[in-house]
Amino acid sequence: MRGRGAGAMWTRRKLLRAAGLGTIGAALYPFLPRSVADAATGPKRLILITSGQGTDMTRWRPTGSESSFTLSYPLEPLAAYQDRMLVLDGIDNEAAIRGPGSGHFGQGTMWTGVEVPTGDVRPDEHLGWPTGPSIDAIIGERLSDQTKFPAFYWGTWPIATDGPNQGPNGISHYRASEDPVNPRLNPATAFDTLFDGVLGTDPAAGAKLRKERKSVIDLVRGELNRARAEMPAIDKDRFDAHIDSLRQLEERLAQAALECVIPDRPTEYSDGDIHDFDKVNLFTRLQFDLMRMALLCDLTRVACFDWPHSEGYGHYMSEEGYREFGSIHTVAHMMTYELNPEQVPDEAARAIAREDMANLTNWRSKMLATELLDKLVPDVLDHTLLVWASEMSEGGTHSNRNVPIVMVQGAEFGSFSAGRYLRWGAYDPIENFSDNTGGEPMNKLLVSICQSMGLTDVDEVGDTTISTGPLKELV
Amino acid sequence: MKLAAAVLPTVLALAAAAGCVGRIGDDERSEAGGPGSESSIAAGASRLQRLTRVEYQRAVTAVLGADLVATVHFGDLPADGKVGRFESNVDLGMNIDSIDAYRSIAEEIGALAGANAADLLGCDESDACTEGFIQKYGKLLYRRPLSDKEVSIYEGLWTTARQDGPLEDAVRLMFTAMLQTPDFLYRLEKGAPGQAGDVRKLSGYEVAARLAFFLWRSGPDATLLDAAEHGALDTPEGVEAEARRLLADERADFTLLRFSTEWLGIDGLESQLVDATAFPEFEPLRADIIDETNDFILHWFRKDDAQIAKLFTADYSFASPALAAFYGKGVTSSGAGGEIFLDGAQRMGVLTQASFLTAHARTPSRAPIYRGKSILTDVFCRELHLPDGVNTAIKFNPTLPARKQIEDATSSQYCQSCHGQINPLGFLFENYDGVGKWRTTDAGSPVNASAKIVGTDVDGQFDGATSLAQKLAQSEQVASCVSRQWLRFALARTDAKLDEGSIEAMTKKAQGDTRELVVALATSDAFRYRRTVP
């Protein structure tokens, strides 16, 4: 059934059905991108999923041996993918451990491998933005001539680079040093960006739009050059960056119209809902829909998604068939120790918190399985690597050691030896609050991911005093 | 985990030598002037400002009207940065995503303008009509008259659009283009004609833009642009007159609230995570608590005397009945329009409002540290230098009062270089719990809200936050700090040693009156000149 070899294993109708588009899309859009249709040489895709606050580590761990293991309750919904999984137990978010700031700021280090420096971005904690790109940007840059977007970023509230509660504790992806990426929170406008210029029903309108944009960009470039010449030297580098980015945008907009199935624009929410914690479940589904379509249409090969980090609520959990709970932050704290003096969790309260956290992870596993992986067109899935990680092991300890990581490798992805549960060190989230107990640094995993995506020359990511080279055990 | 014991002595030595708490501008920099400069003028260097989201939204709304832009997704504009507590994009460059976001929203707004093309144009599309239209909106969006060349560029765009499209296309494209120009997106400041040195007097139009973005967080209106055109903004007197006009306008209310909430670190209260189990009363009061400070600030500034002292010592505030009940005995009586009168033993001024108290209690047991630090850095303008590699985690025992544990955890000489000043200021707020409710016990023990303040110009032994508030009202350091914060806010940059003259002058001129302070700031050298070298 897998798409290796000659012949279109997937008819257009089947593709559309698999993509959730049914016959309406089939009637309107006759095309699919060549990269999808040509499964034998299908390009590799990478999905990075970030969730904050860790999980209940003791419950998260699979049981059994490296090659023969049983998934725990939090990961059980991914069981259908077990033979393609790598469960990594013992990876340390080392750059966060070395840097200043609490464990939450590990979100800025986990995909970059560099410390969050001191700075003014978060004046209350004296922290700035990480001084290095994240691997999505490193990989995307290398693939940038092949897709419309080197990488694309989705998220659910309240992730943003601005706002008083934000900073490197909430932003996990960086285009470059001190250049944080704001994930797209609004599925409708993310849709507009993604599918803008993708061949629609009215090619003439598309041609007109291109022509108009060219006139406007030409005008704007002229004004930028004039301003650059007139303004004092101190401003010049800002104009240079602007002019260069405009050129990049122009190239993107001028790319040959991509032929693909255009899904419906998501409309089943109001703009205000984007900032409603209680609708994280709705937006997770909408964003996963878009992510699947973006990968199907080969608009990008690096797709990143962030769930709410430290400051989210589990109010929607009851809609998902679980016990409702309030603040994820509180639950994470209650697992381990008290949030504040007024609230002393006894053993029963701790047990409840641990169960809530396990439920949350279980739900997230279920979303990844049923809303993302199951619905990916199989030929895309086969060439995709998904990596799901958290910045801390357990939020209450604020420890960046032994962060929970799950990888799912498509059948044709071929880089790693899958179907394994790998454990390093002997870290105990409760007893070993800070001690190094033999884990492997995240930086090695980052190198492995880069290499798996074809960047075979990349042998180091982030702070090289932490480590160089890949995580050899993955192969 | 963050602090290797072996490095401690070195860090300690450095910290002790440098002192934890510094004054701003200590690391300055080159002298004023330079070739071709206004050499007697001192102003800190300012770099290129890009409009913040709210500035973009308000500027566009002012030009096109709220109805026309009602459906625009301003939330999709590139995110803003901050300099210190204040929103500013001075440190944020452009990348393809931000350019694309500006492109996308300009097209969205352009389409809405295009749909109203005939109404906006208001004439017969003769050459004169079109030219006048381009000049009118060009001036409002560029915040200066377009050059002849620019007019002809837009005429060219118009003509091309009209070759095979309706009027709608021409209007749509004109706005789509104007909104993507550097003149709209940035606050371009090359200086008045003939100014080319390191310190440049700003042109009237540039001053107009500074005034409007400072006081309205929006672009200049036609009156302000006229004043620039007629040279009125070339003199301090002319700037003062316009500053007073803008400040009196209700559009300045937005700025007053923006400044106050950012300065006091309460701008995140709307979304701040508060533990509902420990503080069940907070969530129903969240909006009321935010409203209280807003209502108070506006009344204090507009209807009361706007004295800095009274900001800290006002015996009144504004509260919903539910919030007044939450304050309990802290409220002695209530007046019209939600006004409440305060028992000075429990409440006084803005710092004892639930907004400030909650915002600086994100982890309630650490509230004394957060509150003390806010007083020290936001109200006294002290800069704290957190040495690298410090483990700031405290594992609290909930059965003991937080104060004792903070004292123990920060008792080393090393920690005391900062916490010796932070902690006492915070301990004065011990009578307020994590959401600002009055309390007399903590973890079962009587609250101790007495502390000795050191390192300020109002040092001494105090008991409770209201005793501190009265001293803050008398502090010259605080008055100067308020000036400094307004300058940072107005110029959206950090202050430099070269700004000290402006800060001193405005503090002196204002004599504690915030309205006069704002006007004095607008006429200061730092405001009217631009230093273009670091």
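**View 1. The interface of chain B and chain A.** Together the two chains bury about 6500 Å², with 56% of it on carbon and sulfur atoms. Buried area is the accessible area (1.4 Å probe) that two parts lose on being put together, summed over both. This is a predicted model, in which local features need pLDDT of at least 70, side-chain atom pairs count only at pLDDT 80 or more, and totals for chains, interfaces and linings use all residues. Residues are numbered from 1 along each chain as written, chains are lettered from A in the order written, and side-chain values use heavy atoms, without hydrogens and water. In contact (heavy atoms within 4.5 Å) are 74 residues of chain B and 68 residues of chain A.

**View 2. A salt bridge between B:Asp97 and A:Arg252.** The N to O distance is 3.9 Å. A salt bridge puts a side-chain nitrogen of Lys or Arg within 4 Å of a carboxyl oxygen of Asp or Glu. Between chain B and chain A the count is 11 salt bridges. The side of chain B that touches chain A divides into 28 nonpolar residues (Ala, Val, Leu, Ile, Met, Phe, Trp, Tyr, Cys and Pro), 29 charged (Asp, Glu, Lys and Arg) and 17 polar (the others, Gly among them).

**View 3. Helices α22 and α23 of chain B pack together.** Helices are DSSP runs (H or I, at least four residues), numbered from the N terminus. Here α22(B) spans residues 500–510 and α23(B) spans 514–522. Their angle is about 145° (0 to 180 degrees between N-to-C directions), and their axes, lines fitted to C-alpha atoms over the stretch in contact, lie 8 Å apart. From α22(B), B:Met506, B:Thr507, B:Lys509 and B:Ala510 make the contact; α23(B) brings B:Glu516, B:Leu517, B:Ala520 and B:Leu521. These residues divide into five nonpolar, one polar and two charged.

Definitions and conventions: Helices (H or I, at least four residues) and strands (E, at least two) are DSSP runs, numbered from the N terminus.
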